[in-house]
Amino acid sequence: EMDQETLRDFVSDIGEEADRLTRITEHLLSLTRLDSLPVGATQVVDLAAVARRALSMLAPVADAAQVTVETSLRSGCTLRCTEDDLYQICFNLIENAIKYNFPGGRVFVTVRRDGDQVLLEVADTGVGIPEDELPKVFNRFYRVDKSRSKATGGTGLGLAIVKHIARIHNARIKLDSVVDEGTTITVILSLIHISEPTRQEAIS
């Protein structure tokens, strides 16, 4: 007995909830794999190339959120790891930086070398995280702003996945955030030197 407009809204709500449940399921499957399966075959991976792939996938999300993404991706930042795991780190961090931002906000993605380390830094001009919440954000299902997370489709699992993968690959994570000013997350990994010459470039 619903009118057409109410019916459309109802169907739309069902679709959004189905999408959210799908995302939760996918994240839970990722965590289950990380918990129970051995690390997959590792290979030498260029972090800049992986970050670029994640950025390409998230470009429509940034456009929809009216967020500008700026990058500085240095080639030659080579790691020995599982490429899929590295992609998950890049994707989850960049997605969070976009979704927990303001319209007209900016995201900065940097890949660079620092001695024998490779740094992936994702910074944003978004909503930020209260200081007392910082120790909790990598816990499973933890969300700082539950209403905003629901609106953006957040599951509370993305950063838990990042933390778990970082631990598997002996990486460190640094987190800095100020409410209403933004958040910066830096993942610090070990550089793998390779014999072939590498081309240094900045992508923006």
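This is a predicted model: local features need pLDDT of at least 70, side-chain atom pairs count only at pLDDT 80 or more; totals for chains, interfaces and linings use all residues.
**A bent helix and its surroundings**

Helix H2 bends by about 45° at Leu58, and a proline, Pro60, follows within four residues.

H2 covers residues 47–65, which makes 19 residues. From first C-alpha to last, the helix reaches 25 Å. That is close to the 27 Å expected at 1.5 Å a residue.

Look next at the two ends. After the helix comes Gln66, with a positive phi near 60°.

Now take the buried side chains. In H2 the buried residues are Leu47, Ala48, Val50, Ala51, Ala54, Leu55, Leu58 and Ala62. An α-helix has 3.6 residues a turn, so residues three or four places apart point the same way. What covers the buried residues of H2 includes strands E1 (43–46), E2 (68–73), E3 (78–81), E4 (106–114) and E5 (117–124). Helix H3 (83–99) is also part of that cover.

Tyr87 is buried, at 16% relative accessible area.

What about the cysteines? The structure holds 0 disulfides. For Cys81, the closest cysteine sulfur is in Cys90, 9.2 Å away. A disulfide needs the two sulfur atoms within 2.5 Å, so the sulfur of Cys81 is too far from that of Cys90 for a bond. Cys81 is buried, with a relative accessible area of 3%. Cys77 is buried as well, at 1%.

Asn170 is not a glycine, yet its phi is positive, about 55°. This residue sits in the loop between helix H5 (158–168) and strand E6 (172–178). Its relative accessibility is 67%, so Asn170 counts as exposed. Asp180 is not a glycine either, and has a positive phi of about 65°. Its place is the loop between E6 and strand E7 (182–190). Asp180 is exposed too, with a relative accessible area of 55%.

Methods:
Residues are numbered from 1 along each chain as its sequence is written. Side-chain values use heavy atoms; hydrogens and water are left out. Helices (H or I, at least four residues) and strands (E, at least two) are DSSP runs, numbered from the N terminus. The expected span of a helix is 1.5 Å times one less than its number of residues. The bend at a residue is the angle between axes fitted to the seven residues ending there and the seven starting there. Buried means under 20% relative accessible area, exposed over 50%, partly exposed in between (1.4 Å probe, protein chains only). Contact means heavy atoms within 4.5 Å.
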